[in-house]
Amino acid sequence: MSADIADLTEPVSAHLRARGLADLEVALSVHVLTGGVSNDVVAVTGDGVDVVVKRALSQLRVQQDWAADVGRLTTEGRALRLAATIAPSSVPPVLDLSDGFLVIGRAPDHWHTWKADLMAGVVDAHVAARLGEFLAQLQRCTADRVDQLRDEFGSRTAFEQLRVDPFHRQIRAAHLDLAPQIDRTIEVMAQTAPCLVHGDYSPKNVLVGDSDAEMWVIDWEVAHLGDPTFDPAWIVGHLLLKTIRRPDHSDRYHAAAAAFLDAWGRTDPDSASQLIRQTGCLLLARVDGRSPVDYLDDSGQMTARVLGRRLLGNPPQLLQDAWRLLA
Ligand SMILES: Nc1ncnc2c1ncn2[C@@H]1O[C@H](COP(=O)(O)OP(=O)(O)O)[C@@H](O)[C@H]1O
Ligand SMILES: [Mg+2]
């Protein structure tokens, strides 16, 4: 359900003023970035004000949803603050988190999502490498203090509801012959919690500017302590989906995946198999899950399905071999 700008301007402005983030006399301009079922995201600008506000869904809707959404916004605010202690230039700063609103710094106008670049065939391997380095840093540093993080990030409820149910469990129903492999993926995920997982580490949640140094990872709502292969599988899986869409650019997407995996560099033999399984699950989820990609035609969807099934049923030795399988 999309938010009406008229519904948002008043409460968002009132909130920023009440929290001392905007002077009373400053005129604020509110611009909707997205309005989804769970929260609204708006840009707010005015003299001395340049922020993005994420608001949990309207309190008019049922109480239970409101509580779940506020919970996710809180997780996002906490995860952004944690990530800022590890790599401050890779996330937007958190300015406030209260009353069902998260206020963060706004990226400059010319920044855009990495997804937009990838869809246009502009594939900067430096961005991929930065994402790999950032993820390695996040995993290493959160692993070092995992016990202290359990209170804030130990719950997997949102992750289960928004990822495992609509992705893994849904594709299991559609590909019952692969149930043992999908169950194994879910089982390993459930048993593994050595570090923080972003949970939506995909190109649409990466904002990039002009230089390599300009990159933010956003949208941390389902962050939790969990499986270190989940996030890398999403980056590689999305690069595979873009390859299926534009086979003529295969080399570029492959090079980006190689740069990402090299920079991340945290695989051992056990996690290498889980990484391949997670990538297979993502590919299948993107064609047979609850929110399929909108940029593959029937034949592209079939290619993604065949590759996803292959990664689960008869996996290659290395994830990067997936590009050879597509050739
Ligand atoms: N700090 C920011 N600066 C500029 N744009 C942002 C910022 N945060 C989010 N956006 C824009 O709003 C969109 C939605 O934000 P996101 O946090 O990903 O929420 P959602 O849960 O709706 O995906 C992003 O894709 C991006 O275009
Ligand atoms: Mg997003």
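Biologist: Which strands each supply at least two residues of the shell around ligand 1?

Modeller: Good place to start! Keep in mind that this is a predicted model. The strands are β1 (29-35), β3 (49-56) and β5 (101-105).

Biologist: And which residues come nearest to ligand 1?

Modeller: The shell has 16 residues, and K54, G105, A107, N205 and D219 come nearest.

Biologist: How do I read the polar contacts there?

Modeller: Look for pairs of N or O atoms within 3.5 Å. Here, a nitrogen atom of ligand 1 lies 2.9 Å from a polar backbone atom of A107. Side chains take part too: an oxygen atom of the ligand is 2.9 Å from an N or O atom of the D219 side chain, and an oxygen atom of ligand 1 is 3.2 Å from an N or O atom in the side chain of T34.

Biologist: How much of ligand 1 does the protein bury?

Modeller: Taken alone, ligand 1 exposes 540 Å², and the protein buries 79% of that.

Biologist: Let's turn to the rings. How many aromatic pairs does the structure hold?

Modeller: There are five. To name the geometry of a pair, check the angle between the planes: over 60 degrees counts as edge-to-face. F134 and W220 have ring centres 6.2 Å apart and planes at 85 degrees, so they are edge-to-face. F134 sits in helix α4 (residues 125-144) and W220 in the loop between β9 (215-217) and β10 (224-226), so this pair ties together parts 86 residues apart in sequence.

Biologist: Are F134 and W220 buried or exposed?

Modeller: Both F134 and W220 are buried. Another edge-to-face pair is F159 with F230, whose centres are 4.9 Å apart and whose planes are at 80 degrees. This pair links helix α6 (residues 157-174), which holds F159, with helix α8 (residues 230-245), which holds F230; the two residues are 71 apart.

Biologist: Why do F159 and F230 count as buried?

Modeller: Buried means under 20% relative accessible area. F159 counts as buried because its relative accessibility is 3%, and F230 because its value is 1%. Together with F167 and W234, they form one aromatic cluster. R286 lies over the face of W234, 5.9 Å from the ring centre.

Definitions and conventions: Residues are numbered from 1 along each chain as its sequence is written. Chains are lettered from A and ligands numbered from 1 in the order in which they are written. This is a predicted model: local features need pLDDT of at least 70, side-chain atom pairs count only at pLDDT 80 or more; totals for chains, interfaces and linings use all residues. Side-chain values use heavy atoms; hydrogens and water are left out. Rings of Phe, Tyr and Trp (its six-membered ring) pair if their centres lie within 6.5 Å; planes under 30 degrees apart count as stacked, over 60 as edge-to-face and the rest as tilted. Helices (H or I, at least four residues) and strands (E, at least two) are DSSP runs, numbered from the N terminus. Buried means under 20% relative accessible area, exposed over 50%, partly exposed in between (1.4 Å probe, protein chains only). A charge sits over a ring if NZ of Lys or CZ of Arg is within 6 Å of the ring centre and within 35 degrees of the ring normal. A residue is near a molecule or strand if one of its heavy atoms lies within 4 Å of it. A polar contact is a pair of N or O atoms within 3.5 Å; within protein, one must be able to donate a hydrogen and the other to accept it, and residues adjacent in sequence count only if both atoms are side-chain atoms. Accessible areas come from the Shrake-Rupley method with a 1.4 Å probe; for residues, only the protein chains shown count as cover.
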